Amino acid sequence: MPLTTHGPVSSLEMFPAIGVLERADCERLLKRNMVGRLAFALHDHVSIVPVHYVYDEGWIYGRTEPGGKLVPILRNRRVAFEVDEHEGMFSWRSVVAQGALYLINPERGEKDKEVYTNALHLLRRILPSTLGKGDPVPFRNQLFRIQVSEMSGRSASLGGKRIAPRADTMRDDTAQPGADELLRASVIVALSLAVPTSTPRVHIDAFDGVVVLSGLAETAAERSLIEREVLGVENVKAVVQQLETAFPAREQPEPADIARSALNALESLDERAHRNIKVVVENDWLRVEGTVDNDAQRDEVIRSLRAVKGTRGAIDRIQIHRGSE
């Protein structure tokens with residue numbers, strides 16, 4: 001059993017031992033807990049929210065309210081999920097799982113109905129009234145699951161050896177935390193006066209003299225107004241504009257959105273033209289790899305992909321398959 005403490009640790013006698021958890025230990029930790037932290041990102045804005053969950057055979061099952069955090073998550077599906085246990089400063093275990101999040105919709109077919117029934121059964125282990133009479137949170141009626149593709153865990157306990165500090169140190173010469181906080185405060189004040197409705201929807205960050213705007217603007221006109229007001233703030237020299245626009249939706253596609261749109265564009269073509277085609281999304285460009293039977297098919301594929309919204313264009317790496325002659 002690892003030594004634990006809830007009080008101050010004596011720096012003269014006790015040293016932490018940091019270890020790595022095996023996958024079996026990670027899974028046991030996930031199974032015996034029911035609250036974790038779901039982390040997701042859209043552009044440069046990172047969010048973390050607590051959720052109830054059940055872990056079962058490589059999947060994390062949970063429930064939430066429709067909309068809200070699900071909107072940015074479904075843009076690329078990639079999430080991280082963290083669970084920890086701790087008894088003291090140097091007595092803890094932590095697991096981080098990463099994977100793709102999927103909504104569970106029983107109306108899509110028999111297989112999805114089976115998944116829904118299983119998810120509901122699992123969630124009722126921790127709350128028997130889930131989605132039934134007496135459910136304390138009936139508005140959380142959207143079930144989801146995360147397919148765990150990566151899992152890692154770490155632990156700490158007292159009783160390790162003293163590790164000497166490294167002689168080299170990291171430098172952060174561009175950091176100006178005081179100036180950055182003043183700049184962020186100035187931008188917040190300017191927007192609250194000029195566009196008061198934006199306050200709860202727009203996230204503002206400032207670092208190294210750069211202002212980053214993320215979140216949601218109601219219209220393209222409001223997005224432009226917010227940008228103009230921020231540029232008018234004294235000492236703002238650079239702005240990273242990452243505001244989503246509610247109307248029209250998806251004005252700024254994520255790379256995953258571009259990939260899905262590219263696949264949809266290919267599906268609209270004759271199957272013979274795209275059956276051996278693969279698409280790579282790279283810095284908003286579509287790189288097209290694979291083979292086709294003739295020049296007409298290649299032209300058809302490239303033409304359809306160049307029309308995909310949010311791309312800079314299509315890079316043609318297609319080869320003509322002449323057959324074995």
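Trainee: How many helices and strands does the chain have?
Mentor: The model is predicted. Its secondary structure holds both kinds of element. The count is 8 helices and 13 strands.

Trainee: Is the chain compact or spread out, judged by its radius of gyration?
Mentor: The globule rule gives 20 Å for 325 residues. The chain lies well over that, so it is more spread out than a compact globule. Its C-alpha trace spans about 75 × 60 × 55 Å along the principal axes. The radius of gyration is 25 Å.

Trainee: What share of contacts joins residues at least 24 apart?
Mentor: Take contacts between residues at least 6 apart in sequence. Among these, the share joining residues at least 24 apart is 67%.

Trainee: How far apart are the centres of the positive and negative side chains?
Mentor: The chain has 42 positive side chains and 46 negative ones.

Trainee: Is Arg 287 buried or exposed?
Mentor: Arg 287 sits in strand β12, residues 285-292. Its relative accessibility is 19%. The cut-off for burial is under 20%, so Arg 287 counts as buried.

Trainee: Which residue makes a 2.4 Å polar contact with the side chain of Arg 287?
Mentor: Two side-chain partners come up. Glu 289 joins Arg 287 through a polar contact of 2.9 Å. The 2.4 Å contact is with the side chain of Glu 282.

Definitions and conventions: Residues numbered from 1 in each chain as written. Predicted model: local features only at pLDDT ≥ 70, side-chain atom pairs only at ≥ 80, totals over all residues. Heavy atoms only, no water. Helix = DSSP H or I, 4+ residues; strand = E, 2+ residues; numbered from the N terminus. Rg over C-alpha atoms; globule rule 2.2 N^0.38 Å. Contact = heavy atoms within 4.5 Å. Lys, Arg positive; Asp, Glu negative; His and termini not counted. Charge placed at Lys NZ, Arg CZ, Asp CG, Glu CD. Buried < 20%, exposed > 50% of the residue type's maximum accessible area, 1.4 Å probe, protein only. Polar contact = N/O pair within 3.5 Å; in protein donor to acceptor, adjacent residues only side chain to side chain.
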